[in-house]
Amino acid sequence: MKVIIFIRNSDNYVKVGRVLPRTLSALTGSGGMIAESNIEREIAKHLIQNATDEVSFATNWSSFLTSKKGTEREVQSRKFVEGMAQGGLTEDQAFAVMADFTMPDDCNSYQIVEDSGLPTDRYFRNAWDWED
Amino acid sequence: MWTFYNSNGEALVQHAESEATQAEMEASTAVAKFVPPDLVKYSPGVAKAWGEASADGATLLANFNVGSLTDNGSGDVEFNYTTAFSSINYGAATYVMGNNDAVYGNWGYQKTASKLRCMAGKEGSVTSDHQQGFAAFGDQ
């Protein structure tokens with residue numbers, strides 16, 4: 001099973017992202033996890049990051065979405081939501097979509113690896129870091 | 001038109017055959033509408049997302065509306081929703097299992113409309129790996 005290694009570039013510390021089989025199946029299959037009619041509103045919801053966004057969304061979510069169009073987060077959210085609604089991605093594309101969409105705020109890059117390569121002993125989990 | 005009968009075959013009430021909307025479900029209004037299975041989730045009293053992660057943050061043991069999991073470190077796990085909330089103000093009840101090292105519960109959590117981060121700990125610091133879970137309620 002593949003996992004996403006999120007890397008904090010300041011110190012190479014790693015966080016490990018795991019995509020649920022059901023999610024991967026929707027992205028690489030025929031979607032169906034989000035209704036086609038809800039795609040745009042769903043994208044807008046994923047862009048709510050603070051109280052100001054929340055008010056804008058509640059006032060007029062369509063205008064709120066338009067105001068965020070083309071931002072990095074909007075592009076990432078659109079790929080995720082459309083993928084969950086429509087599917088049709090390769091496995092590599094699906095992992096890339098999930099990596100971009102779920103990237104922790106303090107991480108800057110990622111690698112896709114097999115989980116068999118991860119340490120099994122978690123005693124020093126907070127010392128895990130990435131080396132190329 | 002639906003007609004409901006009692007056990008004696010007497011007509012009790014008639015309801016129009018129309019489906020409730022998401023907004024009607026969230027407002028708990030329009031009692032004459034019917035609720036198909038895929039709309040039940042919009043009721044205010046229903047958890048919009050829930051899940052339980054294994055202690056190593058590697059596996060979701062059970063869940064609803066969680067698309068992926070992030071192991072942030074020891075005792076620190078993040079649940080990423082598939083369907084987001086429509087607000088950052090929603091209720092999330094979290095829990096930690098196991099108390100061998102006197103874990104008192106979730107030291108803290110952070111949430112956005114799209115995800116919930118749970119940290120198992122005590123006295124202001126994350127402790128060690130623990131099975132953690134949550135249930136979140138609010139508007140989608």
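Predicted model: local features only at pLDDT ≥ 70, side-chain atom pairs only at ≥ 80, totals over all residues.
Chain A is divided into two parts: domain 1 comprises 1-31 + 87-118, and domain 2 comprises 34-85. The centres of domain 1 and domain 2 of chain A, taken over C-alpha atoms, are separated by 21 Å. Contact between them involves 9 residues from domain 1 of chain A and 7 residues from domain 2 of chain A. On the side of domain 1 of chain A that touches domain 2 of chain A, the elements giving two or more residues are H1 and H6 of chain A. H6(A) provides the largest share of that side, with 4 residues. By class, the side of domain 1 of chain A that touches domain 2 of chain A divides into 6 nonpolar, 2 polar and 1 charged residues.

Helices H1 (residues 21-28) and H6 (residues 91-101) of chain A also pack against each other: their axes come within 9 Å and cross at roughly 120°. H1(A) is therefore oblique to H6(A), since an angle counts as roughly perpendicular from 65 to 115 degrees and as roughly antiparallel over 145. The crossing of H1(A) and H6(A) is right-handed. Leu24(A), Leu27(A) and Thr28(A) make the contact from H1(A), while Glu91(A), Ala94(A) and Val97(A) make it from H6(A). The contact of H1(A) with H6(A) has 4 nonpolar residues, 1 polar residue and 1 charged residue.

Between the chains, the contact takes 25 residues from chain A and 24 residues from chain B. Three elements of chain A, namely strand E2 (13-19), helix H2 (39-45) and helix H3 (51-59), each supply at least two residues of the side that touches chain B. Of the side of chain A that touches chain B, E2(A) gives the most, with 5 residues. The side of chain A that touches chain B has 11 nonpolar, 7 polar and 7 charged residues. Strand pairing also links the two chains, as 4 bridges join E2(A) to strand E5 (residues 66-73) of chain B. E2(A) and E5(B) run antiparallel, and Val16(A) stands opposite Asp71(B) in E5(B).

Within chain B, 4 strands form an open sheet in the order E4-E3-E11-E7, with antiparallel pairing. E4 and strand E7 (91-96) of chain B are the edge strands, and each pairs on one side only. From one strand to the next, the twist averages 5°.

Strand E3 (residues 49-53) of chain B is joined by 4 bridges to strand E4 (residues 60-64) of chain B, and the two strands run antiparallel. In this pairing, Trp50(B) stands opposite Phe64(B) of E4(B). E3(B) and E4(B) form a hairpin with 6 residues between them. The turn of this hairpin includes Gly57(B), which has a positive phi of about 70°. E3(B) also pairs with strand E11 (residues 132-137) of chain B, through 5 bridges and again in an antiparallel arrangement. Here Ala53(B) has Gln132(B) in E11(B) as its bridge partner.

Note on methods. Residues numbered from 1 in each chain as written. Chains lettered and ligands numbered in written order. Axes fitted to C-alpha atoms, helices over the stretch in contact; angles between N-to-C directions. Parallel < 35°, antiparallel > 145°, perpendicular 65-115°, else oblique. Left-handed = near helix turned anticlockwise from the far one by under 90°. Contact = placed C-beta atoms within 7 Å. Nonpolar A, V, L, I, M, F, W, Y, C, P; charged D, E, K, R; others polar. Pairing = 2+ DSSP bridges. Domains from an automatic or database assignment.
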